[in-house]
Amino acid sequence: MASDTSHAAHPTPLLYVKIALLLAVLTGIEVALFYLEETVGALAVPLLIILAFLKFVIVIGYYMHLRYEKPLLSRFFSAGFVLAILVYAVVLGTFGVLAIRAAT
Amino acid sequence: MTDVAQTAPADTHGEHESTGIEIRKLGMWVFLSSEFLFFGALITNYLLFASRPGLARPYPAEIYDIPFTSVSSFVLLMSSLTMVLAHHAIERGDQAGTRTWLLATAMLGSLFIGGQVFEFTDFVLEYGMKLTTSPAASAFFVLTGFHGLHVLVGVLMLFSLYGMSRRMGGLSPKHHLNVELVGLYWHFVDIIWIVIFTVVYLISKAPV
Amino acid sequence: MTTTAARPTATTIFRRPKATTGFWSWITTVDHKRIGIMYGYTAFVFFIIGGIEALLIRIQLAQPNMEFITAAEYNALFTTHAVTMIFLFVMPVSAAFVNYLLPLMIGARDVAFPRMNALSYWIFLFGGIFIYSAILFSDVTAPAGIQGVPGNLDPSDQTFLGGIPSGGWFLYQPNAGPVFSPGRAIDFAVIGIQILGVASLIASVNFIVTIFNMRAKGMRLLRMPVMVWMTLVVQFLLLFSLPIIAIALFMVMFDRQFGTLFFDATAGGDPILWQHLFWLFGHPEVYVLILPAMGIVSEILPVFSKKPLFGYPAVVFAGAGIGFLGFGVWAHHMFASGITQVAQAAFGLATMTIAIPTGIKIFNWIGTMWGGKIRFTTPMLFAIGFVAMFVIGGLSGVTHAVVPSDWQQTDTYWIVAHFHYVLFGGAVFGIFAGLYYWFPKLTGRVMNEKLGKVHFWVMFIGFNLTFAPMHWLGLQGMVRRTWQYPEGLNLGPWNLASTIGAFVIALSVVIFMVNWARSRRHGEPSGLDPWDARTIEWTIPNPTPEYNFARPPVVRSLDDFWHRKYTTDEEGRAVRRPEADELIARLDEEGRNPTEPIHLPSPSYFPIIAAAGLPLIGYGIIFHTSTVGKLLIAFGAIVTIAALLGWGMEPLEEEHGELSLETAEAH
């Protein structure tokens, strides 16, 4: 079975723990940004989104092993993600919600 | 050349896994990709109302307890670690380790749900923000409630895996995939929470 | 029985059922062919119900100011007619085709998840019954706060049909919300469609995995029949659009049952959000209805034109393109709802682009027939009818992309004419083409050609008589969803024609049913290859053996079967190989005699039990204020969870495969 060969490349528990630490640190930075939003200013929201996306990608890539799987799975998965972002951005856009965010 | 069926060269894929991906795993990934649209609609719904002026107070963003939610987010993140360790253990045939990590994951998941129950109760009793207070409150409760329901389903699956493992004296190699599939689902619920935590709790603001 | 005891881990509760004939074999079956047949018959029953509803509507509209039914009944009828035809007929009948044919077309023994396939069917059946069970719980309540408003329906209007959902299949808010539609009727539609969505979502995962993973040796993606490709596109559309309607329906359910305020404008809620979410699902859904029919027609036209499909890759990519664009045009249903001008322009433009891939397909179908040796058999007639009627419906559809024109057409009969030309002239004609074409695979017989042709012409005439006049009625300004129209507008004659047409269609359906029933018993035996077909589902005997392929097929090209029968001469004309007849005889013989034991997935009780929990939860939610309701929710949840646990504990298929071998030897 092809899936067995892909398992061979999986990371070690040590790496898993390191990743968990990294995720915890990123979460810490996020919470800190929340409290420092006044100081950081307009950058806070983009930074928060980037941090969340980073955590998102790390969990998918390592914990869900998507890095080690066939590209077909990544394609399916990103199709759903990208489609969701696109259509819902348009929906919120027609209500003017995203525009208000950008303005403030 | 008429009698091709029996003598054709093996020019392509195997019989049952044309893509080389186990069918249940492929099915799980396909299903998870559709869940983006599911939670996307809920988050959209929340974002539409969260900052809309003129709704009945309190707005959810006025009463979030960020330190508390940060801790419960941390709990869910760590449950992803224990989940992946359970998967790692079963791949090495470590039955005891698998059981321990499965149970740990289920416990952390239960802890998260407990936190959510506490949060909801707090909002309703302390701040008077109920499901029926305003569309923003409705959207908040329905979004986080559906996420909590997903966690609950995950916890049920973890406990049943744990139970199967105990009852049968360990999970057979045929069940290894089950651990992986439950893991995929679990991590997915976790990444959805990563998005909710940032977008809903940290970014969204009540109108002034 | 002895073999069961020999297995170490399985206990008696988890023993898998063994019946191969009779009632229990159908209840527990996981065979994709049997599930397909059940889907087909169930859908046809709903087709008859929906058709009767349409006839009642047409009688009411036959003349100005008719009083055949009340306004409230009229609302209930047009709503259930739509819900039935969309969710309970066209979607499941497409599922029937996919179930039966998909594994045969890609050379598989079954779908990827046979038990989940059975689960989908049972959820669909229970969901359909759930919606119609509304009639048993009729509780007519007047809308709160708007008594005495002119045009407001009086509760005394409501009669025996009063319990049926009446908010339109689109369930627009706030009309279908708690204030303007009190009572329980709409709840049955909301929760029922939710249940049907679960069935379709499970099926979509199942079919996508089947197409990607279960293909026979050599069946590369670009060797798959167009029908399979269209199925794949449809399943992705469902996969990504059903979660959206699920959320939207949950929101309505919460508004109606638990007092949330999502669509209550007086509390700051937003009815337009409903329209966005609904049409984000609703527009892909339109392609879900039509693409399977396009797939069917793309199979039939080449066979009866004796030519390969013109531009196969173009048809495939056009289909995928339609699916992709289908997610970007939803707001053209909302041009009259007050969205911004930028959005109107953007969505109008996006809608026009849909015409490009659709046009590619139509030209490819015409190109397929062009210069071919056309045989005007019944399936071919329906396929040609599909192409012609779909062109009309497609063209009237493009007019909706022009915003000012759309404002004029909104809520008139022009719209009704348009979507019946695509959904009846399109989807239903395609479905009948498929039924005639693949009937031999079910029964080993062909349907009566004479009756078939009568059926086609009666239906074709009846269809055009019914729906063509609606174009002019719409342009004259006749409004949709209104139970009466006044005298003196000169709308009567065309409406009468339309009503007569509806009864002609009904007659044609009766002809079809007679033909089906007679041909099942007395039709001419079809042999292996009645149509001189091109694809591999015709390389196995008719009716299809339980194991499908006696030996796993190997595919060497697109239209594999054709190339085994035909070669081309110097001028590129198809020439039948001399050994073709011998090949067919040999395939028939081999297909009936597997050389080695074949492992088939074992039947299971759990799909139907797991499915039964969902409507129980649904009833529980509707009656959640009472103790019985709360108990029902708990009971339904326990039934489903317990069944799924049992499902997980059932002996694995591999073990059971060995078991069936042992029993086979014991006999």
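Reader: What pattern does chain B follow, read along the sequence?

Author: Along the sequence, chain B runs α-α-α-α-α-α-α, with seven helices and zero strands. Helices here are DSSP runs of H or I with at least four residues, strands are runs of E with at least two, and both are numbered from the N terminus.

Reader: Before we go on, what am I looking at, and how is it labelled?

Author: It is a predicted model, in which local features need pLDDT of at least 70 and side-chain atom pairs count only at pLDDT 80 or more, while totals for chains, interfaces and linings use all residues. Residues are numbered from 1 along each chain as its sequence is written, and chains are lettered from A and ligands numbered from 1 in the order in which they are written.

Reader: Thanks! Now, how do you know whether chain B is spread out or compact?

Author: We set its radius of gyration, taken over C-alpha atoms, against the globule rule, which is 2.2 Å times the number of residues to the power 0.38. For 208 residues the rule gives 17 Å, and chain B has 22 Å, well over that, so chain B is more spread out than a compact globule. Its C-alpha atoms fill a box of roughly 80 × 45 × 25 Å along the principal axes.

Reader: What makes C:Glu73 count as buried?

Author: A residue is buried if 20 or more other C-beta atoms, placed from the backbone, lie within 10 Å of its own, exposed if 12 or fewer do, and partly exposed in between. C:Glu73 has 22 C-beta neighbours inside 10 Å, so it counts as buried. You will find C:Glu73 in helix 4 (residues 71–106) of chain C. C:Gly163 is 90 residues from C:Glu73 in sequence, yet their C-alpha atoms are 9.5 Å apart.

Reader: Then why is C:Trp494 called partly exposed?

Author: It has 18 other C-beta atoms within 10 Å, so C:Trp494 falls in the partly exposed class. This residue sits in helix 15 (residues 492–522) of chain C. Beyond its neighbours within four places in sequence, C:Trp494 is in contact with C:Pro469, C:Trp472 and C:Leu473. Two residues are in contact if their C-beta atoms lie within 7 Å.

Reader: What makes helix 18 of chain C largely enclosed?

Author: Of its 17 residues, 13 are buried, so helix 18 is largely enclosed by the rest of the structure.

Reader: How many residues of chains B and C are in contact with each other?

Author: Chain B brings 39 residues, in contact with 44 residues of chain C. On the chain B side, the elements giving two or more residues are helix 1 (4–7), helix 2 (23–50) and helix 6 (135–167). Helix 2 gives the most, with 13 residues.

Reader: What classes do the chain B residues on that side divide into?

Author: There are 19 nonpolar, 14 polar and six charged residues on the side of chain B that touches chain C. Nonpolar here means Ala, Val, Leu, Ile, Met, Phe, Trp, Tyr, Cys and Pro, charged means Asp, Glu, Lys and Arg, and the others, Gly among them, count as polar.
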